[in-house]
Amino acid sequence: MLKLFFRVLLLGLGLFLSYIFGKEIIEPVQFKTTGVQVEGRVHGFVAGRGKGSIQPESTGVRKGKRRARRPAFRYPVAAGSTDSLEGRSSTAALFSNYALNEKVTVVFDPKEPQHAYIFGWQLIFMAILCTLLGLYMIKIGLTGRAS
């Protein structure tokens, strides 16, 4: 009975991780090909969990360990526009290579410009790693074996 409980738990957690981080891979690539692509700038880094405050440093210390922070960015609604929106990356990288005021490629759906992503290899790579972890958890949950 305990084995079944943990298998169902691993299956559910794996499905959740695969969905959340799979979306972080698919949507930026989809918006890059069919959406709007503009140039934005990193204007800070999200400190804390959830909505968190914007800080100028790309790393912070949490529980005595240095942690990379997620970039927050400002981008125009359309190419050449003076109106701008603010976005926050929902995926953290293993290490933060973004610097304050760095130019980044921002992609979004023209129908929903407030839902934007930074199109960068390090964020997509991290999402791929987390998706693979989720798929591995699904495999363990279904088969009951790690190898």
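Student: What does Lys 103 count as by relative accessibility?

Tutor: At 49% relative accessibility, Lys 103 counts as partly exposed. Buried means under 20% relative accessible area, exposed over 50%, and partly exposed in between (1.4 Å probe, protein chains only). Glu 39 has a relative accessible area of 51%, so it is exposed.

Student: What should I know about the model before going on?

Tutor: It is a predicted model, so local features need pLDDT of at least 70 and side-chain atom pairs pLDDT 80 or more, while totals for chains, interfaces and linings use all residues. Numbering starts from 1 along each chain as its sequence is written, and side-chain values use heavy atoms, leaving out hydrogens and water.

Student: How many salt bridges does the structure hold?

Tutor: Side chains of opposite charge can pair when their charged atoms come close. The cut-off: a side-chain nitrogen of Lys or Arg within 4 Å of a carboxyl oxygen of Asp or Glu. The structure holds three salt bridges. One of them joins Glu 39 to Lys 103, with the closest N and O atoms 3.9 Å apart. That pair links distant parts of the chain. Glu 39 sits in strand 1 (residues 36–47) and Lys 103 in strand 7 (residues 103–109), 64 residues apart. Strands (E, at least two residues) and helices (H or I, at least four) are DSSP runs, numbered from the N terminus.

Student: Which residue forms a salt bridge with Arg 74?

Tutor: Glu 86 does, with the closest N and O atoms 3.6 Å apart. Glu 86 lies in strand 6 (residues 84–88) and Arg 74 in strand 5 (residues 70–76), so the pair ties together parts twelve residues apart in sequence. Glu 86 is partly exposed, at a relative accessible area of 36%. Arg 74 also counts as partly exposed, at 38%.

Student: Which residue forms a salt bridge with Arg 88?

Tutor: Glu 86 again, with the closest N and O atoms 3.7 Å apart. Shared partners join Arg 74, Glu 86 and Arg 88 into one network of salt bridges.

Student: How many aromatic pairs does the structure hold?

Tutor: A pair of aromatic rings is described by the distance of the centres and the angle of the planes. Rings of Phe, Tyr and Trp (its six-membered ring) pair if their centres lie within 6.5 Å; planes under 30 degrees apart are stacked, over 60 edge-to-face, the rest tilted. The structure holds four such pairs. Among them, Phe 5 and Phe 6 are edge-to-face: 5.4 Å centre to centre, 70° between the planes. Phe 31 and Tyr 117 are tilted, at 6.0 Å and 40°. Phe 31 is buried at 9% relative accessibility, and Tyr 117 is buried at 8%.

Student: Which residues do ring pairs link into a cluster?

Tutor: Phe 73, Tyr 75 and Phe 108.

Student: At what angle do the axes of helix 1 and helix 2 cross?

Tutor: Two packed helices are described by the angle between their axes and the distance between the axes. Helix 1 (residues 2–34) and helix 2 (residues 121–143) have axes that come within 7 Å and cross at roughly 155°. That makes helix 1 roughly antiparallel to helix 2. Angles under 35 degrees count as roughly parallel, over 145 as roughly antiparallel, 65 to 115 as roughly perpendicular and the rest as oblique. Axes are lines fitted to C-alpha atoms, for helices over the stretch in contact, and angles run from 0 to 180 degrees between N-to-C directions.
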